[in-house]
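Here are my notes on this one, as numbered points. Have the coordinates open while you read.

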Amino acid sequence: MADRRANVKWNGDLMSGSGTIDDVGSGAFGPLDVSWPARSEDVSGGKTSPEELIAAAHASCFAMAFANGLAKAGTPPEQLRTSANVTFVPGTGITKIALTVEGRVPGLAEDAFVAAAEDAKQNCPVSQALAGVGEITLDARLAS
Amino acid sequence: MPRIERSAQVSWEGNLARGTGHVSADTGAFAELPFSLPSRIGNPEGKTSPEELLAASHACCLGMSVAGELSGAGSPPEVLSLTARVIMDEVEGKGHQVVASEVDVHGRVPGIDAAEFERIVAVADAGCPFSSLIRASASVTVRAHLDS
């Protein structure tokens, strides 16, 4: 069992207040500033947001699941580059996550690569946790 | 309605057991944070993990929801302190799953009592996009503590 923790502080009201991710259990990052305007407008001002953190969680989890699937099939990747793009509609919620992956995998054909990527997208723990998102897409390409 | 997009990039080298990844935020708020399987399921050794990023997301998201509900009720908080814990466990037949997210919300809020704070935190939890999403697949527990 893995238990992971984060501490956040918020000062003031929603619109004009601001918050900080003070620290996380691993010590890997923080403090990071957050605010409602930075979250809900196109211009982030360099601030992270719950949606960006979900994107980071999903892209990293998907990469691990995909690496695992490829290695189990006897074709471990040299490198995978993944990204997650999370769409947030204030008042509605998170409506879409678009995953992309480009991989360098010796000895693997394109269709097997795409099938393994699809399997990782379906089964990685973060995909399972976010199964309530209406639309999760995948664009998988084998690097030449 | 505006559509806001946020993205992150990951590079991963090698197989799962011995490989390493790095995750970066497109806003630039964090970059090249290392992660690996041993540090994801065992001692973190200074490395983040998908579950830790989810915990940070949940604490931020719920914090903003609570601040918004309190403001709407005419009692904006002086300060809220939130701790979120995301728990991943092995579930028979399903492998590793996120099974729970637990958030403690401490607040210093002038002019309301503990019962009202608890009620407003529950409303905020119901409206928090992260709580709503994760509740479909895992247990979500939110505890409210009004500091005097």
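1. Domain bounds here come from an automatic or database domain assignment. On that basis chain B splits into domain 1 (8-41) and domain 2 (50-146), and the C-alpha centres of domain 1 of chain B and domain 2 of chain B are 26 Å apart. For chain A the assignment gives domain 1 (6-40) and domain 2 (50-142), with 27 Å between the C-alpha centres of domain 1 of chain A and domain 2 of chain A.

2. Some housekeeping. This is a predicted model, in which local features need pLDDT of at least 70 and side-chain atom pairs count only at pLDDT 80 or more, while totals for chains, interfaces and linings use all residues. Residues are numbered from 1 along each chain as its sequence is written, and chains are lettered from A and ligands numbered from 1 in the order in which they are written.

3. On secondary structure, helices (H or I, at least four residues) and strands (E, at least two) are DSSP runs, numbered from the N terminus. Chain A has 4 helices and 6 strands, in the order β-β-β-α-α-β-β-α-α-β. Chain B comes to 4 helices and 6 strands, and its elements run β-β-β-α-α-β-β-α-α-β from the N terminus on.

4. Overall dimensions: along the principal axes, the C-alpha atoms of chain A fill a box of roughly 55 × 30 × 25 Å, and those of chain B a box of roughly 55 × 35 × 30 Å. For burial, a residue is buried if 20 or more other C-beta atoms lie within 10 Å of its own, exposed if 12 or fewer, and partly exposed in between, with C-beta atoms placed from the backbone. Buried residues are 50% of the 144 in chain A and 47% of the 148 in chain B.

5. Contacts next; two residues are in contact if their C-beta atoms, placed from the backbone, lie within 7 Å. Take the contacts between residues at least 6 apart in sequence: in chain A, 46% of them join residues at least 24 apart, and in chain B 49% do.

6. How many residues of chain B are in contact with chain A? It is 74, and they touch 74 residues of chain A. Elements giving two or more residues to the chain B side include β1 (4-13), β4 (79-91) and β5 (95-108) of chain B, but α2(B) gives the most, with 16 residues. By class, this side of chain B has 42 nonpolar, 22 polar and 10 charged residues. (Ala, Val, Leu, Ile, Met, Phe, Trp, Tyr, Cys and Pro count as nonpolar, Asp, Glu, Lys and Arg as charged, and the others, Gly among them, as polar.)

7. The chains also pair through strands (a pair needs at least two bridges found by DSSP). Strand β1 (residues 2-11) of chain A runs antiparallel to β4(B), joined to that strand by 10 bridges. For a landmark, A6(A) has A84(B) as its bridge partner in β4(B).

8. Now α2 in each chain. The expected span of a helix is 1.5 Å times one less than its number of residues. α2(B) has 23 residues and should span 33 Å; its end C-alpha atoms are 33 Å apart, so the two agree. α2(A), with 23 residues, reaches 33 Å from first C-alpha to last, close to the 33 Å expected. Because 21 of its 23 residues are buried, α2(A) is largely enclosed by the rest of the structure. In α2(B), 21 of the 23 residues are buried.

9. A nonpolar core is a set of buried Ala, Val, Leu, Ile, Met, Phe, Trp, Tyr and Cys residues joined through C-beta atoms within 7 Å. The largest has 86 residues, and F66(A), A59(B) and L62(B) have the most contacts inside it. Helix α2 (residues 50-72) of chain A gives the most to this core, with 14 residues. Beyond its neighbours within four places in sequence, L62(B) has contacts that include L82(B), V103(B), V105(B) and F130(B).

10. Last, have a look at V10(B), which sits in strand β1 of chain B. V10(B) is buried, with 25 other C-beta atoms within 10 Å. Leaving aside neighbours within four places in sequence, its contacts include A59(A), S60(A) and A63(A), as well as G21(B) and V23(B). V10(B) and A25(B), 15 residues apart in sequence, are 9.0 Å apart C-alpha to C-alpha.
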